[in-house]
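Subject: Structure handover

Hello,

Here is the structure I said I would pass on. My notes on it follow below.

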Amino acid sequence: MPALSRRQLVVLALLTLVWGLNWPVMKMGVAHFPPLTFRMASLWLGLPILAAVIGVRKLPFTIARAHWGRVALLALTNMVLWHVLMILAIPQLSSGRAAILGYTMPIFSAVLGALVFGDRLAGRAWMGVGAALVGVVLLLWHEIGALGGRPLGVTLMLVSAASWAMGTQLLRRLTVPVPLLTLSFWMVAITCVVLTVLAVAFERERWVAPDAQAWAAILYNGLLALGFAQTAWFFLVRTLPPVASTLSVMMIPVLGVFSGALWLGEVLHWQDWTAVGLMAVAIGTVLWPARAVQAQKF
């Protein structure tokens with residue numbers, strides 16, 4: 001696991017901030033607005049931003065026909081299942097619980113990498129996975145009873161996290177010879193179409209004009225959580241080993257929990273503060289320079 005470059009560290013910090021704060025933002029957004037329609041509107045808002053960036057940088061939009069099967073698979077695992085299942089789970093869970101369950105993804109990713117793809121993880125990588133797992137358990141300490149009363153929301157969030165984990169593994173392994181922004185654009189476009197079909201089929205009778213709170217959440221999601229952060233995430237996945245990219249974002253659910261407590265009044269306990277330290281350990285296992293670790297062996 002190589003040390004992160006300065007560019008990767010900056011991207012990671014901004015990604016953590018945007019996605020961490022987005023959990024209470026999404027919770028507020030779906031409070032008075034249909035969830036699939038909310039996500040559909042956010043993605044359609046972000047898609048032209050990606051197109052504009054591609055146009056300004058004079059990158060190609062086209063993808064060879066032979067690669068569309070891979071693009072569809074990457075879109076399904078990285079985007080479609082995650083966005084659909086996650087946004088359906090959020091109305092049933094607090095923003096903090098949803099963030100914690102969503103970010104079981106690094107644990108799924110490490111297990112899938114080892115069992116399915118034959119990854120050989122270093123000892124400190126497994127230490128990071130273990131720290132992340134214990135941190136998730138601690139964050140859920142006071143929520144087990146409440147979660148047990150919402151099995152559908154829990155199941156949807158865990159399946160979406162497992163799908164995202166598989167997508168993270170595939171994104172690094174499946175070659176699509178186009179710029180990352182081009183691939184991101186078409187993956188988002190596919191997700192937009194799927195969400196539109198689902199929103200029309202299941203939520204059309206519930207459509208109302210978004211209130212100010214819903215509009216603010218849609219704009220935040222479209223401009224920042226998608227327009228910037230989704231491409232930033234794909235950049236990290238493409239430039240880092242899977243375990244490094246997944247464990248490096250483990251501060252996002254912590255930020256989601258604490259921002260939810262600040263904005264939505266969710267109660268914090270000592271387990272939450274302990275989990276922060278464990279998440280820092282998980283992140284440190286991938287951010288600590290490899291040469292420093294090697295030097296400790298001698």
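Helix H2 (residues 35-56) and helix H3 (residues 68-89) have axes that come within 9 Å and cross at roughly 135°. Axes here are lines fitted to C-alpha atoms, for helices over the stretch in contact, with angles from 0 to 180 degrees between N-to-C directions; helices are DSSP runs (H or I, at least four residues) numbered from the N terminus. That angle makes H2 oblique to H3 (under 35 degrees is roughly parallel, over 145 roughly antiparallel, 65 to 115 roughly perpendicular, and the rest oblique). On the H2 side, Pro35, Leu36, Phe38, Arg39 and Leu43 make the contact, and on the H3 side His83, Val84, Met86, Ile87 and Leu88 (contact means heavy atoms within 4.5 Å).

This is a predicted model, in which local features need pLDDT of at least 70 and side-chain atom pairs pLDDT 80 or more, while totals for chains, interfaces and linings use all residues. Residues are numbered from 1 along each chain as its sequence is written, and side-chain values use heavy atoms, without hydrogens and water.

The other item is the lining of the largest pocket. Helix H1 (6-29), H2, helix H9 (180-203) and helix H11 (229-239) each supply at least two residues to that lining. H11 gives the most, with three residues. By class, the lining has ten nonpolar, two polar and two charged residues (Ala, Val, Leu, Ile, Met, Phe, Trp, Tyr, Cys and Pro count as nonpolar, Asp, Glu, Lys and Arg as charged, and the others, Gly among them, as polar).

Regards
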